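Hi,

Please have a look at it first, and then read on.

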Amino acid sequence: MISIIIFAVLLLVGFGYFAMNVGKIRSNILMGRDVDRSDNKGERLKVMTLIALGQKKMFKRPVPAILHFCLYAAFVITQIELIEIIADGLSGEHRLFRPALGGFYTFMISFIEVLSVLAFIATFIFLARRNLIKVPRLNMKEMKGWPKLDGNLILVMELILITFIFMMNGADEVLYAKGASHAENLGDGSLGFAISQYVGPALFGGMSESTLMMIERIGWWGHIVMVFSFLNYLPFSKHFHIILAFPNTFYSNLKPKGQLTNMESVMKEVKMMMDPDADPYAAPAEPEGEIQRFGAKDVEDLTWKNLLDAYTCTECGRCTDNCPANQTGKLLSPRKIMMDTRDRLDEKGEAIRKHGKGHDDGKSLLNDYITEEELWACTSCNACVEACPVNIDPLSIIMDMRRYLVMEESKVPTELAGMISNIENNGAPWQFSPEDRINWRDEA
């Protein structure tokens, strides 16, 4: 009875704290401007299925994709066993589903064990890639400090979790063969799990029943504690993409990648200027709602989808690895753009919860986190968008912040100032008027 109470408290605290942190992230995301992504639901479901569930874009690099798929599949399928552990914990039973499921139960646990072994191997390889081989995109300057520690922590937690699984199943195999398992009246012989039926006797075969009982309980409680620890670590980690990848891909931008967004207020003005029937002396219409800033200076000027992108970022570095500006030594790193946006959003959201809406901490995403040099280094080629395995769009953030610099602060690099002036005066990027540009014809 005491163990049931302890488990119930752990369950409530674990899921309660997770729900609280998810609520904070949700409120942070909703700080962004509205954007309609409710159209074409059939296409959106297709994109989500292929990109988030099927990991289609990951397989452009087969080796890391296969390793990642082992971890991903183990995480998803292992939740089936988690359901049973929760049922066991609340009921005081052990392997509650085995009598009803019979051979299918043995198959599912065996499948989970095989995936766990593959995940165990993949985890060691990922640790080696980060810390021994030191893959360049995983060791860039924005990955120093917490981002590197975060990546290593989650991999170590994965190893500990798998170890607990095999402690639990392996010791239980030996106990069951001796007729001393918690799982009573389920038949004689072995539980028959694919890996544990060999690992259990090899590691625990010579131990006493009391020791085996202790190891099995340590494995059981350790497993569930690690699950809740992992669950509550996710909102503070880049690994929150495990959950957010699905909504993020569903709300992907389905328009062609080269198509940029226009501000509705500016479009109205331009259309009125081009309308021959418009009255140039008419009083301007009263603006509807709050006046929107031109472009983005801080996180609340971005759309909620931009902010969802920031929390979904996996920090894998594929965007930066494919960025031509970064490859030529420019300061720009699309991954850093997303990481900076998330960091600023966390900071801004916490300040609002503490001091109330409208609180100004004197900081902004532009300049305090992202510099003008980074923004103007972008070639707007969309390589980062194409490379992202979960359809994140760093370019959208970059273009909105550029728009703010040009339209609100009249800041533009010298190289572009001449071009803009030429377009305004000559209708083309060149310094010659349309009449002068044809003079070459008369020189022959």
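**Cavities and domains**

Let me start with the second largest cavity: its lining residues divide into 9 nonpolar, 2 polar and 1 charged. Here Ala, Val, Leu, Ile, Met, Phe, Trp, Tyr, Cys and Pro count as nonpolar, Asp, Glu, Lys and Arg as charged, and the others, Gly among them, as polar. A cavity is a set of points on a 1 Å grid over the protein atoms alone where a 1.4 Å probe fits but cannot get out, and lining residues have an atom within 4 Å of a point.

Please keep in mind that this is a predicted model, in which local features need pLDDT of at least 70 and side-chain atom pairs count only at pLDDT 80 or more, while totals for chains, interfaces and linings use all residues. Residues are numbered from 1 along each chain as its sequence is written, and side-chain values use heavy atoms, with hydrogens and water left out.

The second largest cavity has a volume of about 90 Å³, a volume being the space filled by probe spheres set on the grid points, which are joined across faces, edges and corners. Among the residues that line this cavity are Cys313, Cys316, Cys319 and Cys388.

How many cavities of 30 Å³ or more are there in the whole structure? The search finds 4. The largest cavity has a volume of about 710 Å³. Its lining has 32 residues, with His68, Leu71, Lys238, His239 and His241 nearest the centre. By class, 19 are nonpolar, 6 polar and 7 charged. With 6 residues, α3 gives the most to this lining (helices are DSSP runs of H or I, at least four residues, numbered from the N terminus).

On to the domains, whose bounds come from an automatic or database assignment. Domain 1 covers 2–30 + 61–250, and domain 2 covers 264–275 + 291–434.

Between the domains, the count is 2 salt bridges (a side-chain nitrogen of Lys or Arg within 4 Å of a carboxyl oxygen of Asp or Glu).

Best wishes

Terms used
On a 1 Å grid over the protein atoms alone, a cavity is a set of points where a 1.4 Å probe fits but cannot get out, and a pocket is an open set with protein on both sides within 12 Å along at least five of seven lines; lining residues have an atom within 4 Å of a point. Helices (H or I, at least four residues) and strands (E, at least two) are DSSP runs, numbered from the N terminus.
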